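This briefing is meant to be read alongside the sequence and the coordinates. The points are grouped by topic.

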Amino acid sequence: MVMMEGGILLVDKPAGMSSFGVVARVRRKLSEEAGFVEVKGKDGVLRQKRKKVKVGHTGTLDPFATGLLVILTGKATKKANEFLKLDKEYIATMKLGYTSTTGDIEGEIIASNSSVRVPKLVDVEKVVEKFMGETEQTVPVYSAVKINGQRAYKLAREGKEVEMPKRKVRIDEIEILRYEWPYLEIRCKVSSGTYIRALGEDIGKLLGTGAYLTALRRTQVGKYRIEDAKALEEMGLK
């Protein structure tokens, strides 16, 4: 497996797989390459045991999302918090005229009012531009944020209503790549902690159409870019 200097591995995560699933595959592969060590059991017998390899990711991607997943191995795992604070770039596609209980394709899709006016490109551009700079964002209910010690998504799945916290986030760049009703594709560079699902929902609210993400691809984390990442197949991890 090709590793960058310092125990950093850049993976192009496919859709339909969790970030933890990618980490598990990498850990298994590296453990196989590391070989075995002899370990003496409580009974005094020496047995062969695979060497343990530390592996962790530096920022979760939802299962439906694709793109850059920065994996740290060995001693580099101690630097995970440094990577979590890095700015990120995404390409997101949203469907207008509908909403989702999760803000993406994994939730229950609900059609907006049939009388929704189809916004013109100039109107969409004005709305999108409003999100430039620092803004306040409500953390999605279906997120890993802990509420009273429990993950928000777990509480949501149990049907419990929770008041989600708000965060100050920063959007340094945002541009429209394509707009063909009902689909809108944008590219954005954002601060750490920005939820693109929430951004899509907020754009839909301001347009008066509603919106949810149909696709999300992370293309950059700090200085690391998707062009330097490898697909699982290329790493022998599929």
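The model is predicted. Its largest nonpolar core has 25 residues, and another core, lying apart from that one, has 14.

**Nonpolar cores**

- In the core of 25 residues, the members that touch the most other members are Met94, Leu184, Ile186, Ile196, Leu199, Ile203 and Leu216.
- At least two residues of this core come from each of strand 6 (88-96), helix 3 (121-129), strand 12 (166-180), strand 13 (183-190), helix 5 (196-207) and strand 14 (211-221).
- The other core, of 14 residues, includes Val11, Leu30, Ile71 and Leu237.
- Not counting residues up to four places away in sequence, Leu184 touches Ala92, Thr93, Met94, Leu96, Val124, Ile176, Arg178, Tyr179 and Ile203.

**Strand 6 and its partners**

- Strand 6 is largely enclosed by the rest of the structure, because eight of its nine residues are buried.
- Strand 6 runs antiparallel to strand 13, and eight bridges join the two.
- Strand 6 also runs antiparallel to strand 14, here with nine bridges.
- Thr93 has a bridge partner in each of these strands: Glu185 in strand 13 and Ala215 in strand 14.

- Strand 1 (residues 8-13) is mostly covered, with six of its six residues buried.
- Ile8, Leu10 and Asp12 point one way from strand 1, while Leu9, Val11 and Lys13 point the other way.
- Six bridges pair strand 1 with strand 5 (residues 66-73) in the antiparallel sense. Within this pairing, Ile8 has Leu72 of strand 5 as its bridge partner.
- Strand 1 and strand 16 (residues 230-231) run parallel and are joined by two bridges. Asp12 has Ala231 of strand 16 as its bridge partner.

**Cis peptide bond**

- The peptide bond between Trp181 and Pro182 is cis, with omega at about 10 degrees.
- For context, most peptide bonds are trans.
- Pro182 is in the loop between strand 12 and strand 13.

**Thr219**

- Thr219 lies in strand 14.
- Thr219 has a relative accessible area of 6%, so it counts as buried, the cut-off being under 20%.
- The side chains of Thr219 and Glu89 are joined by a polar contact of 2.6 Å.
- Glu89 is also among the residues that Thr219 touches, not counting those up to four places away in sequence; the others are Leu68, Tyr90, Ile91, Tyr224, Arg225 and Ile226.

**Ser31**

- Ser31 belongs to helix 1 (residues 19-34).
- Its relative accessible area is 10%, so Ser31 counts as buried by the cut-off of under 20%.
- The side chain of Ser31 reaches the backbone oxygen of Arg27 at 2.9 Å.
- Leaving aside neighbours within four places in sequence, Ser31 is in contact with Arg50, Lys51 and Val53.

Note on methods: Residues numbered from 1 in each chain as written. Predicted model: local features only at pLDDT ≥ 70, side-chain atom pairs only at ≥ 80, totals over all residues. Heavy atoms only, no water. Core = buried A, V, L, I, M, F, W, Y, C linked by side-chain atoms within 4.5 Å. Buried < 20%, exposed > 50% of the residue type's maximum accessible area, 1.4 Å probe, protein only. Helix = DSSP H or I, 4+ residues; strand = E, 2+ residues; numbered from the N terminus. Contact = heavy atoms within 4.5 Å. Pairing = 2+ DSSP bridges. Polar contact = N/O pair within 3.5 Å; in protein donor to acceptor, adjacent residues only side chain to side chain.
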